[in-house]
Amino acid sequence: MLTLMTPGSGAVKPLNPETHKAWTRSIAEAGCLVEPWRCDVASGTFVLGARTLSLLGLRQNPCGIIDLLRAYDKGDRPTILSILEQATASSSSFCFSTTVRGSRGQISPLYCIGNSTLSEHGAEGLLEGVFALPGAGRR
């Protein structure tokens, strides 16, 4: 069982490869399906893996932050938006958890672990990381 965090929670810390590795190790040990994602800060577009895109009910890749937020549990959206805003303000390691409703109506947990690397000007940079889907196994 993944004990990284409960849905609706998250964390933002100064950019630290060890923090990112520890969070990533936790999801790997839990046997989650792990898919990479990335976001260009300047454009605000996210590129997701095929399984994550499908789970979120999204058809267009790349997609925008609003598309992602709409797919997340409504109660978790303010926390996630705050984490992403902080991550785009300074280079950070971050993670969050939410639940999403799949195409068949099933509720599934979704974990996100990422890093932000920003230029000195802040308007340019990259968010990147992984989405972890518990119970999906490695495929």
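How many disulfides are there? Keep in mind that this is a predicted model. A disulfide needs two cysteine sulfur atoms within 2.5 Å, and by this rule the count is zero.

Check it yourself: select Cys39 and Cys63. The closest cysteine sulfur to that of Cys39 is the one in Cys63, but at 8.9 Å it's too far for a bond. Cys39 is also buried, with a relative accessible area of 3%.

Next, select Cys95 and Cys112. Cys95 isn't in a disulfide either, as its nearest cysteine sulfur, in Cys112, sits 8.4 Å away. Is Cys95 buried or exposed? Its relative accessibility is 2%, so it counts as buried.

In soluble globular proteins, nonpolar side chains tend to be buried together. Select Trp37, Leu48, Leu56 and Tyr72: these have the most contacts inside the largest nonpolar core, a set of 28 residues. Color the elements that give two or more residues to this core, including strand S2 (33-40), helix H3 (65-71) and strand S7 (125-133). Which element gives the largest share? Helix H4 does, with four residues.

Zoom in on Trp37 and show what it touches. Leaving aside residues up to four places away in sequence, its contacts include Phe46, Leu48, Phe94, Cys112, Leu127 and Phe131.

Last stop: select Trp23, Ile27, Cys95 and Ile113. They are among the eight residues of another core, which lies apart from the largest one.

Notes. Residues are numbered from 1 along each chain as its sequence is written. This is a predicted model: local features need pLDDT of at least 70, side-chain atom pairs count only at pLDDT 80 or more; totals for chains, interfaces and linings use all residues. Side-chain values use heavy atoms; hydrogens and water are left out. Buried means under 20% relative accessible area, exposed over 50%, partly exposed in between (1.4 Å probe, protein chains only). A nonpolar core is a set of buried Ala, Val, Leu, Ile, Met, Phe, Trp, Tyr and Cys residues joined through side-chain atoms within 4.5 Å. Contact means heavy atoms within 4.5 Å.
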